[in-house]
Amino acid sequence: AELLEGIRQQFPDRVHTRAFDVRDMQNPGMLGPLVEEMGGMDLCVICAGIGIVHPQLNWEIDEQTMDTNVRAFTQICHWAFDYFSKQQKGHLANISSVSSNRGNSYAPAYSASKAYQSVFFEGLYMKAMRMGLDITISDIQPGFVQTREAQGNKRFWVASVDKAAAQIQEGLDRKKFRFFVTRRWSLVAWAMRWMPGFVYHRVG
């Protein structure tokens, strides 16, 4: 909330904020008043998520991960898709992860939850198309970005926040269905998908 308020104070005529825990299943209702205050919504980017590295399997961490990245994510998707359906246009985007392409021993629930998000978004893309709705769906798959939340001691190709934001903005402007940030991570995603299990299972 403090970070959001700091941004709002920088741009008081352009920024409106609300802060709530997405895991509270009653809270997406707060989005309605926020959108009304803004005068409408053309683009919704879902980026609330959790990913914690835990060498030993930890149920509390996995439960938080699934509550946030699956249950809360799905509820926000339903709210936004319904809003855009009634509006008959809109753009729904989500910050997934390159990790969605394969399992990960250090954070198994995280990679599984991101796979869920990417597959769910592909389903929404097909649903919007079959329903004849002018709703753009964008699945954004970043690699490592230098944020406070970034974890792991084997990070490489770490992008600055500015570079990542610029490429996300470009992909959204072009209304791409799926894109990687930075672009070179598309190579990693391809390698992950096609690497034989006897090789990947030794490094993942």
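Mentor: Accessible areas here come from the Shrake-Rupley method with a 1.4 Å probe. Keep in mind that this is a predicted model. The protein chain exposes about 12,400 Å².

Trainee: How many helices and strands does the protein chain have?

Mentor: Seven helices and four strands. Read from the N terminus, the order is α-α-β-α-β-α-β-α-β-α-α. The chain is as compact as a globular protein of its length, because its radius of gyration is 17 Å, close to the 17 Å that the globule rule gives for 204 residues.

Trainee: What does the C-alpha trace span along its principal axes?

Mentor: About 55 × 40 × 30 Å.

Trainee: And what share of the residues is buried?

Mentor: Buried means under 20% relative accessible area. By that cut-off, 35% of the 204 residues are buried. Contacts are the next thing to read. Of those with a separation of 6 or more, 65% join residues 24 or more positions apart.

Trainee: What about charges: how far apart are the mean positions of the positive and negative ones?

Mentor: They are 10 Å apart, for 23 positive and 20 negative charges.

Trainee: Now helix 4. What should its 23 residues span?

Mentor: At 1.5 Å a residue, helix 4 (residues 108-130) should span 33 Å. The end C-alpha atoms of helix 4 are 33 Å apart, which agrees.

Trainee: Which residues of helix 4 are buried?

Mentor: Start with the general idea. An α-helix has 3.6 residues a turn, so residues three or four places apart point the same way. In helix 4 the buried residues include Ser111, Lys114, Gln117, Phe121, Leu124 and Ala128. Ala109, Ser113 and Ser118 are buried too.

Trainee: What covers them?

Mentor: The cover includes helix 3 (59-87) and strand 2 (90-95). Strand 3 (135-142) and strand 4 (178-181) also belong to it.

Trainee: What follows helix 4?

Mentor: Glycine 132, with a positive phi near 70 degrees.

Trainee: Let me try a loop residue. Where does alanine 159 lie?

Mentor: In the loop between strand 3 and helix 5 (161-173).

Trainee: Why does alanine 159 count as buried?

Mentor: Because its relative accessibility is 5%, and the cut-off for buried is under 20%.

Trainee: Which residues is alanine 159 in contact with, leaving aside neighbours within four places in sequence?

Mentor: Phe144, Val145, Gln146 and Thr182. For a distance check, take valine 98. Alanine 159 and valine 98 are 61 residues apart in sequence, and their C-alpha atoms are 14 Å apart in space.

How values were computed: Residues numbered from 1 in each chain as written. Predicted model: local features only at pLDDT ≥ 70, side-chain atom pairs only at ≥ 80, totals over all residues. Heavy atoms only, no water. Helix = DSSP H or I, 4+ residues; strand = E, 2+ residues; numbered from the N terminus. Rg over C-alpha atoms; globule rule 2.2 N^0.38 Å. Buried < 20%, exposed > 50% of the residue type's maximum accessible area, 1.4 Å probe, protein only. Contact = heavy atoms within 4.5 Å. Lys, Arg positive; Asp, Glu negative; His and termini not counted. Charge placed at Lys NZ, Arg CZ, Asp CG, Glu CD. Expected span 1.5 Å × (residues − 1).
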